[in-house]
Amino acid sequence: MRNTITPPEVIPPERRLPPAPPRWKRRAQSILQWSRKILVWGAILVGVYLLVCIIFLITLRNNNPSVTMVQIQRALEARLQGEQYKRTMTYRPLSRISDHLEHAVVAAEDTRFYQHSGVDFQEIKKMLVGIRKKKEQLRGASTITQQVVKNLFLFTYRSYFRKLLEYPLAFLAEFILSKERILELYLNIAEWGPGIYGAEAAARNYHGTTARWLTRYRSARLAAILPDPLDRDPAVMDRYANIILTRMDAFGW
């Protein structure tokens with residue numbers, strides 16, 4: 001009986017396995033897959049966060065906030081530094097806050113408050129031009145609405161990520177709340193000094209009166225410290241207070 005040699009099976013080209021990709025390519029594919037997962041989960045978390053904020057904003061139509069994220073931030077900072085934290089905040093409706101203070105705050109912080117829809121793109125454009133021409137750092141351009149959502153939901157630390165969150169939150173706040181309610185919230189939760197929140201606490205602490213009876217000039221002094229409330233004192237803000245008063249005159253206030 002003759003020995004027969006079985007020829008090796010010939011694998012058709014369509015059944016052949018492709019050669020394994022090089023190691024660097026496998027690593028790149030793995031990193032890309034993980035990056036996609038991180039982006040998807042990040043988008044989901046941001047969506048959930050915005051949904052929670054929307055629900056909270058709806059409740060603010062008829063309810064006043066008892067605490068804000070900025071107040072929580074200050075309490076944590078004080079604890080980490082081993083300092084005692086004392087918070088003073090007494091909520092007052094607009095009817096019990098001086099019109100002078102309302103006007104002074106708008107004149108100082110957001111002169112186009114009644115024209116924009118939460119974000120002032122004109123101011124953002126000016127900021128970007130300044131950064132490009134003068135190489136300025138990230139600065140203000142925040143509207144009163146943005147400052148409200150920052151106080152309620154975010155922190156004071158400056159970053160582009162915080163700004164990106166402020167924008168949709170500001171639009172949502174303007175859609176859900178009225179301008180008067182947004183201004184009332186700001187006047188009651190804004191930081192006016194270490195542990196001092198709201199117009200009533202500021203009026204009592206700096207002028208020994210109530211927010212309802214603040215004069216025009218005292219209101220301008222209080223508004224002048226809002227950009228940097230932890231380091232400014234109304235008693236020495238004459239120059240900026242006069243600028244605010246000039247703006248109020250221009251608006252007929």
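In which helix is Gln 146 found?

1. **Ground rules.** You are looking at a predicted model, where local features need pLDDT of at least 70, side-chain atom pairs count only at pLDDT 80 or more, and totals for chains, interfaces and linings use all residues. Residues are numbered from 1 along each chain as its sequence is written, and side-chain values use heavy atoms, with hydrogens and water left out.

2. **Confidence.** The mean pLDDT of the chain is 87, and 87% of the residues score at least 70 (pLDDT is the predictor's confidence in each residue, from 0 to 100). Of the chain's elements, helix α7 (residues 179–189) has the highest mean, 97, while helix α4 (residues 121–134) has the lowest, 73.

3. **Overall layout.** You will find 10 helices and 3 strands in the chain; these are DSSP runs numbered from the N terminus, with helices being H or I of at least four residues and strands being E of at least two. Along the sequence they follow the pattern α-α-β-α-α-α-α-α-β-β-α-α-α. Of the 253 residues, 40% are buried (under 20% relative accessible area, with exposed meaning over 50% and partly exposed in between, for a 1.4 Å probe and protein chains only). Among contacts between residues at least 6 apart in sequence, 66% join residues at least 24 apart, where contact means heavy atoms within 4.5 Å.

4. **The sheet.** The 3 strands of an open sheet are ordered β1-β3-β2, with mixed pairing. Its edge strands, each pairing on one side only, are β1 (88–89) and β2 (191–193). Strands pair if DSSP finds at least two bridges between them; β1 and β3 (residues 196–197) run parallel and are joined by 2 bridges. Look for Met 89, which stands opposite Tyr 197 in β3.

5. **Gln 146.** To return to the opening question, Gln 146 is found in helix α5 (residues 144–153). Gln 146 counts as buried because its relative accessibility is 1%. Its side chain makes a polar contact of 2.9 Å with the side chain of Glu 166 (a pair of N or O atoms within 3.5 Å; within protein, one must be able to donate a hydrogen and the other to accept it, and residues adjacent in sequence count only if both atoms are side-chain atoms). Not counting residues up to four places away in sequence, Gln 146 touches residues including Gly 118, Val 119, Lys 163 and Tyr 167.

6. **Leu 165.** This residue lies in helix α6 (residues 160–176). Leu 165 is buried because its relative accessible area is 11%. Leaving aside neighbours within four places in sequence, Leu 165 is in contact with Val 46, Tyr 49 and Leu 154. From C-alpha to C-alpha, Leu 165 and Leu 50 are 8.9 Å apart in space, yet 115 residues apart in sequence.

7. **Arg 181.** With 11% relative accessibility, Arg 181 counts as buried. A polar atom of the Arg 181 side chain lies 2.7 Å from the backbone oxygen of Leu 60. Beyond neighbours within four places in sequence, Arg 181 is in contact with Leu 60, Arg 61, Asn 63, Asn 64 and Tyr 91.
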